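Hi everyone, thanks for coming.

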Amino acid sequence: MSTPNQSPSPTLAIIGCGKMGTAILNGLLDTQPTTTTTTTNNNPSLPRTFIATTRSPTSLQRLKTHFQATTTTSTSPTLTILPSTSNPSAILTADIILLACDPTDIPSLLTDPDIQTSLLTNISTSTTSNPFPRPKLLISIAAGWTTTALLSLLPKPTPTHTQKNIHIIRTLPNIAAEIAQSITAIEIPSPGTVLPEDVDLAEEMFQKIGRTVRVRPEQMDTFTVLGGSTPAFVGVFVEALVDGAVAVGFGREEGRRVVAQVLRGVGDLLLGGEHPALLKERGTSPGGCTMGGLMVLEEGGLRGLVARAVREGVTVAGEMGREDGKLVNGTRN
Ligand SMILES: NC(=O)c1ccc[n+]([C@@H]2O[C@H](COP(=O)([O-])OP(=O)(O)OC[C@H]3O[C@@H](n4cnc5c(N)ncnc54)[C@H](OP(=O)(O)O)[C@@H]3O)[C@@H](O)[C@H]2O)c1
């Protein structure tokens, strides 16, 4: 329901509503305002009508069970859950399409003729009260898929359907979206390719599952590693910390809980502006145990190793989604 100063809300179709789609939908269904709202009254409000599609009967049932409370109410927000055979009708109805299936499923999805027709059908030509009177907005969360690569799969313009009917925004959330603590990159689009208010809208959508950062296209591979791979890197570091503690008699479960709370506290300190070097300086005293442990990490080349892991990840991220399908994680010279 829109207020007098607010535009009516658009319809969002989540195509491939798996783990990440579900996390985003959970956030968007939450009616609590975000703390960092950027959308102005000139912009469309967040979607309040949702369509979610998924492929297998098992996933479909999982979604229906998870969102039972929303699908059985007739008041806003409304959610319709459909099988992937209904992708064309879901996309036709939607103003915004969230592309949330696996990266490997994208070529077959976007080159499907019925889906292409739906993507290119601007609903503003067929209804008089269109809440989103402009081209369909395709928001991708697929890792490794650049905007250019996505565009290359879409049909070439025809006299009746022009490619200008689709605007694409590339984004990348991370695994903490599941607890509304993602850091999501919103790629800054090339000038003139996307309306500025649609970038604001995408940003506000992702602020429902955490924080956002606007990233230039050439920085997306680096963000993919920093935002996307860091949880796995930290996971390995946590395992090593806990193994060390277990080796000298500490309980494994207890050790994991201790380190998790430490990470939460350190994360908040860093977000509050604490410099990482100060975390080290404030935690070390002459002849102390932290300094002793740090000496071992420095001797082992931890900094160089971690930075190299980031650089290797960025190299691989830049080669993902290549058309020749060649695996890029082989050994290098
Ligand atoms: N998970 C993360 O931490 C993370 C982080 C950043 C970005 N991403 C991106 O988010 C996307 C989804 O990842 P995810 O972890 O949520 O994967 P996921 O749980 O496997 O979800 C993908 C969903 O897409 C469905 N699907 C596949 N083909 C479809 C089609 N043609 N039409 C409709 N639905 C279809 C799958 O259905 P079935 O299960 O029935 O096959 C599944 O429910 C990926 O592109 C990934 O790169 C994920």
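Ala180 sits in the loop that links strand 6 (166-172) to strand 7 (182-187); helices (H or I, at least four residues) and strands (E, at least two) are DSSP runs, numbered from the N terminus. Keep in mind that this is a predicted model, where local features need pLDDT of at least 70, side-chain atom pairs count only at pLDDT 80 or more, and totals for chains, interfaces and linings use all residues. Numbering runs from 1 along each chain as its sequence is written.

So what is phi of Ala180? It's near 55 degrees, a positive value in a residue other than glycine. Most residues other than glycine have a negative phi. Ala180 counts as partly exposed because it has 18 C-beta neighbours inside 10 Å. For that label, buried means 20 or more other C-beta atoms within 10 Å, exposed means 12 or fewer, and partly exposed is in between, with C-beta atoms placed from the backbone.

Next, Thr290, which is in helix 12 (residues 289-299). Leaving out residues up to four places away in sequence, Thr290 touches Gly283 and Thr284; contact here means C-beta atoms, placed from the backbone, within 7 Å.

Last, the ligand. Around it there are 28 residues, and Gly16, Gly18, Met20, Ser56 and Ser84 come nearest; being near means a C-beta atom, placed from the backbone, within 6 Å. Two elements give two or more residues to that shell: helix 1 (19-29) and strand 2 (49-54). Helix 1 gives the most, with 3 residues.

Notes. Two residues are in contact if their C-beta atoms, placed from the backbone, lie within 7 Å.
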